[in-house]
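Have a look at the structure first, then read on.

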Amino acid sequence: MRVRTGQNLRSSNRRDGRRRRGWSAAAAVAIGVMTLGVLAPPAASDPAAPAAAAAARPDAVQRALNTLVRDDGMPAALASVQDRNGRTRTYTAGVGDLTTGAKVPRDGQVRIGSNTKAFTAVVVLQLVGEGKIDLDAFVDTYLPGLVRGKGIDGGRITIRYLLQHTSGLPEYGIHLDDTEIRNRYFEPRELLDLALEHPADAEPGKRWKYSNTNYVVAGLIVQKVTGRPLAEEMDRRIIQRIGLRHTYFPAPGDMTVREPHPRGYHRSPADGPLRDFTEMDPSAGWAAGQLISTNSDLNRFFTALLAGRLLPAAQLAEMRTTVPAGTSGLRYGLGLTSRPLSCGGVYWGHGGDIAGYETRGGVTEDGRAANVAVTSIPTDEAAVRHVSDAVNRALCG
């Protein structure tokens, strides 16, 4: 669950430096054979055929997904695109199962990784609006004495710093290996304790640096203030409220994906073969990355959020107040990012990856929405750019 500030918010559980691009010959051949019909344009056989072929040629979004499968070795790519009038188009490329060659389910469920942070931030900001949390209060106000370590003092870290990734809290995810993450259940306090074994990354409020630990602490504060599990608060306050029918927070011990879904693949170790990581215990993500959803539900969530249906105006304004995050134009607010578009303006969202899946997307000020998912975390800069390009094409088309 890391961040690559130059390109993407990362939420996988491995260091970026450990990831190397690779693709076994067998898997590459399987994808080449099983997706030929998806990727190939229609053939022309008569004088009128060129015009017909041009009309039938995949549009920009489909071409972008095809590139992710054909050139970047993604087993599958999915997208949901909503225009200003609310009309939705869904896309798929590749195969949903490398073993069987099964089709990719349209708008299938995926693990959405760090998009979960936007949901957690909304719950916190709702509690701010209700007067139950003070955004500029210190962590010790709600969790006295809990956040302590070398250079770490919960009496100096505000709730705003947590949501903004300016707390200086160290990352816990880089100290977990994939096999441990896949099979073990973690209590949130275990994740925090793991982080607190390491020194602070910076003084509170001085520097932006992505850390999943921030959202573990935020989730613990939600539970302390409400007296209820974070998953219940998220479900009641967001998922049920705006009708996200395909979004849920997996219960302890639930390692499956409930609804039709493409299988997710991961390379662990970095130079090993792809392995099916669809079934895994997502508790290492918790408030930072545990949710399962679909591209269309993510579009619905971010659209409702930006339209003011989840937060009062004052709290939404706080969420949209950003700081620079890297060098690519990315800016980070309170669990919400803005990224520039090639056609002008920005889009608001988050993005996330967890072993087996990556999702990117968001919404524009004028109501366009798009989310793209791939079924393996991109392992080189070209693939990272191609995922971002797919989102850009969808929102600028």
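C343 and C396 form a disulfide, with their sulfur atoms 2.0 Å apart; a disulfide here is a pair of cysteine sulfur atoms within 2.5 Å. Please keep in mind that this is a predicted model, where local features need pLDDT of at least 70, side-chain atom pairs count only at pLDDT 80 or more, and totals for chains, interfaces and linings use all residues. Residues are numbered from 1 along each chain as its sequence is written, and side-chain values use heavy atoms, leaving out hydrogens and water.

**The disulfide**

- The structure holds one disulfide.
- C343 sits in the loop between β11 (337-340) and β12 (346-349), while C396 belongs to helix α14 (residues 381-396), so the pair links distant parts of the chain, 53 residues apart; helices (H or I, at least four residues) and strands (E, at least two) are DSSP runs, numbered from the N terminus.
- The torsion about the S-S bond of C343 and C396 is about -75°, which means that the disulfide is left-handed.
- C343 is partly exposed because its relative accessibility is 42%, and C396 is partly exposed too, at 25% relative accessible area. Buried means under 20% relative accessible area, exposed over 50%, and partly exposed in between (1.4 Å probe, protein chains only).

**The nonpolar cores**

- The largest nonpolar core has 81 residues, and I238, F301 and L305 have the most contacts inside it. Such a core is a set of buried Ala, Val, Leu, Ile, Met, Phe, Trp, Tyr and Cys residues joined through side-chain atoms within 4.5 Å.
- Helix α5 (residues 115-129) gives the most to this core, with nine residues.
- Leaving aside residues up to four places away in sequence, F301 touches A118, F119, V122, I238, I242, L244 and L310; contact means heavy atoms within 4.5 Å.
- A second, separate core has 21 residues, including A64, A79, A93 and V372.
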